[in-house]
Amino acid sequence: MKKAVPSQWKGALLLPLLITGALATGSFYARAADDQRLLTQAPQPPDVRLGPLYHAVQSAKFFPDQKTFADAVPKFDPASILADWQMQKNQRNFDLRRFVDANFTLPGKGEAYVPPAGQSLREHIDGLWPVLTRTTDKVNQYDSLLPLPKPYVVPGGRFREIYYWDSYFTMLGLAESGHWDRVQNMVDNFAHELDKYGHIPNGNRSYYLSRSQPPFFSLMVDLLAQHAGESTYSKYLPQLQKEYQYWMADAQSVAAGNASKRVVKLKDGTILNRYWDARDVPRTESYMDDIATAEKAKQRNKAELYRDLRSGAASGWDFSSRWFDDPKDLSTIRTTEIVPVDLNALLFHLEKTLERASKVADKQSDSQRYAELAEKRQAAINRYLWNAEGGWYADYDWKRSSVRTQLTAAALFPLYMQVASDDQAAKTAAAVEKQLVKAGGLVTTNVHNGQQWDAPNGWAPLQWVAVEGLNHYGKQTLAKEIGMRFLDNVQATYDREHKLVEKYVVEGNLGGGGGGEYPLQDGFGWTNGVTLKLMDMYCPKDVTCNNVSDMKKSQ
């Protein structure tokens, strides 16, 4: 077993073994990249650049949100700042907070957005798009922010950068508002990241480079193709291939019964995927939280625990009982030992998109090979990620060779990506209706533990996955029930507080959600997008629905 890192900042010097775009053309699985070159070329995150100074500042807890210092911009060369601190720290009357203020520009809170009085829900969302739009084609050389060539839409609140899977649901709303130019810009930005880094980072920060997020790039290409035409697929074929190469790195070399990076090879040779972060130290943006979790888990290898926490962040579900051995104890997280049902359904979609894109590009043999890969994955999902006893899709514990028993909202991803058989879809729908549908929409899990991706919270992207997935299998009544309950929740919260938020309580006292590592955030990109899509889905033809009440009056 790997020994725990003796000091957090030294461990951070092991930069991620990123997979770049410099891979063999036409290869279906990525080969190992030149790690030494990547170590020197990848932008260093603040905890590496500042080492023990970063540890000292975060330990001092000057800021209620640990992301604040992660996003602070050094005013001078970080190496010089670190050297100055080393000289001054033991002097009498040294003031660390004053030192920070003198050497760093802290992120501003920005002016609170005050919407015009009397706006409808739709008007409010349409008015938010420019407020949430950022342009950062050039950044300070010491900034943790990674530049992007075109404007993009951020989620809002503390999230001052773009996030990978959030962006797809935001883009649904942009398309619904007619902003196809912004959809194009965001697809181009993600294509740029694939070309530059070999994958799409969790977000455009140096400290997010060691991991990705749920792979929605193929769905983004699908969305853009609705407007720009079939040639969209061949245009982004190189980037779709790089996305696949990143997720499938080491697939050919890993031994049966083992895992490497994001690939798991089961004992019978079946290949599926997991979430993985290339670093095994505390998350830069949640530094003290992770150290506190590790201190609680006295029996666990700290490096292993840190990687599981980071990999949980890569899943987008940070954090949820679906990754824990003890559903009430974060320190029992085992993300890297779990094959997630949502991730593998999304990779099935990526394989099907590569099949289509290759065909459009007149690469028939490639198209056929991707079709075969998708067929194999579909069979594997329906075998290993199916809880036959419960009657729903679930995650698979590859270390223990058993399907996990918990029903979560992720069970609907095989319906969303049309992986499920009719029988499996019907059983999953029945289980979801009985256990997860609540007064305010679809609850994420039925575990109440204070984690934000558990009860009583419901999240906009999971409502959309449920509605679309159920509609694919003829469950329109249940789909509408979920969609309308969530819309009622969003509308009531908006009427009361004049804002949309990151997550919602969907059982008990409905409204803005809670739990997790940070306060509820306003904005909010993916809620805006899903709300618009659902309003238009259930708005009668020839009627303009500006509020949920408009929809109900017309039905």
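Predicted model: local features only at pLDDT ≥ 70, side-chain atom pairs only at ≥ 80, totals over all residues.
Residues are numbered from 1 along each chain as its sequence is written, and side-chain values use heavy atoms, with hydrogens and water left out. Local features need pLDDT of at least 70 and side-chain atom pairs count only at pLDDT 80 or more, while totals for chains, interfaces and linings use all residues.

**Stop 1: the domains**

Select residues 44–105 for domain 1, then 406–554 for domain 2. These bounds come from an automatic or database domain assignment. The centres of the two domains, taken over C-alpha atoms, are 42 Å apart.

**Stop 2: the largest pocket**

Select K109, G156, G157, R158 and Q521, which lie nearest the centre of the largest pocket among its 35 lining residues. A pocket is found on a 1 Å grid over the protein atoms alone, as an open set of points with protein on both sides within 12 Å along at least five of seven lines; lining residues have an atom within 4 Å of a point. The volume here is about 1,100 Å³, where volume is the space filled by probe spheres set on the points, and grid points are joined across faces, edges and corners.

Domain 1 and domain 2 both give residues to the lining, so the largest pocket lies between them. Now select residues 121–131, helix α8, which gives three residues, the largest share of this lining. Helices (H or I, at least four residues) and strands (E, at least two) are DSSP runs, numbered from the N terminus. By class, the lining has 16 nonpolar, 10 polar and nine charged residues. Ala, Val, Leu, Ile, Met, Phe, Trp, Tyr, Cys and Pro count as nonpolar, Asp, Glu, Lys and Arg as charged, and the others, Gly among them, as polar.

**Stop 3: the second largest pocket**

The second largest pocket holds about 440 Å³ of space. Select Y168, L219, D222, Q226 and H349, the closest to its centre of the 20 lining residues. Helices α9 (164–176), α11 (217–228), α16 (341–360) and α20 (460–472) are the elements that each give two or more residues to this lining. Nine of the lining residues are nonpolar, five polar and six charged.

**Stop 4: the cavities**

Four cavities of 30 Å³ or more are present in the structure. A cavity is a set of grid points where a 1.4 Å probe fits but cannot get out.

For the largest, with about 290 Å³ of space, select F159, Y163, Q213, D318 and Y518, the closest to its centre of 24 lining residues. This lining divides into 11 nonpolar, five polar and eight charged residues.

Next select R158, W165, D166, N202, R211, S212, Q213, G316 and E517, which an unreviewed UniProt entry annotates as "binding site". UniProt positions are given in the numbering used here, feature names are shortened, and annotations may be inferred rather than shown by experiment. Of these residues, R158, W165, D166, N202, R211, Q213, G316 and E517 are in the lining of the largest cavity. W165 is found in helix α9.

The second largest cavity has a volume of about 100 Å³. Select P46, R49, A72, P74 and Y142, the nearest to its centre of 13 lining residues. Eight residues of that lining are nonpolar, three polar and two charged.

**Stop 5**

Select 258–260 (β5) and 271–273 (β7), the edge strands of an open sheet with three strands in the order β5-β6-β7 and antiparallel pairing. Two strands pair if DSSP finds at least two bridges between them. Neighbouring strands in this sheet are turned by 25° against each other on average, direction ignored; the axes are lines fitted to C-alpha atoms, for helices over the stretch in contact, and angles run from 0 to 180 degrees between N-to-C directions. Strand β6 (residues 263–265) pairs with β7 over three bridges, and V264 stands opposite L272 in β7.

Another open sheet has three strands in the order β15-β16-β17, again with antiparallel pairing. Its edge strands are β15 (457–458) and β17 (511–512). Strand β16 (residues 504–505) pairs with β15 over two bridges, and G458 stands opposite Y504.

**Stop 6: backbone details**

Select A455 and P456, joined by a cis peptide bond with omega about 5°. P456 lies in the loop between β14 (441–442) and β15. Go on to G523 and F524, where the peptide bond is also cis, with omega near -25°. F524 is in the loop between β17 and α22 (525–537).

Finish at D250, a residue other than glycine with a positive phi, near 75°. D250 is placed in the loop between α13 (237–247) and β5.
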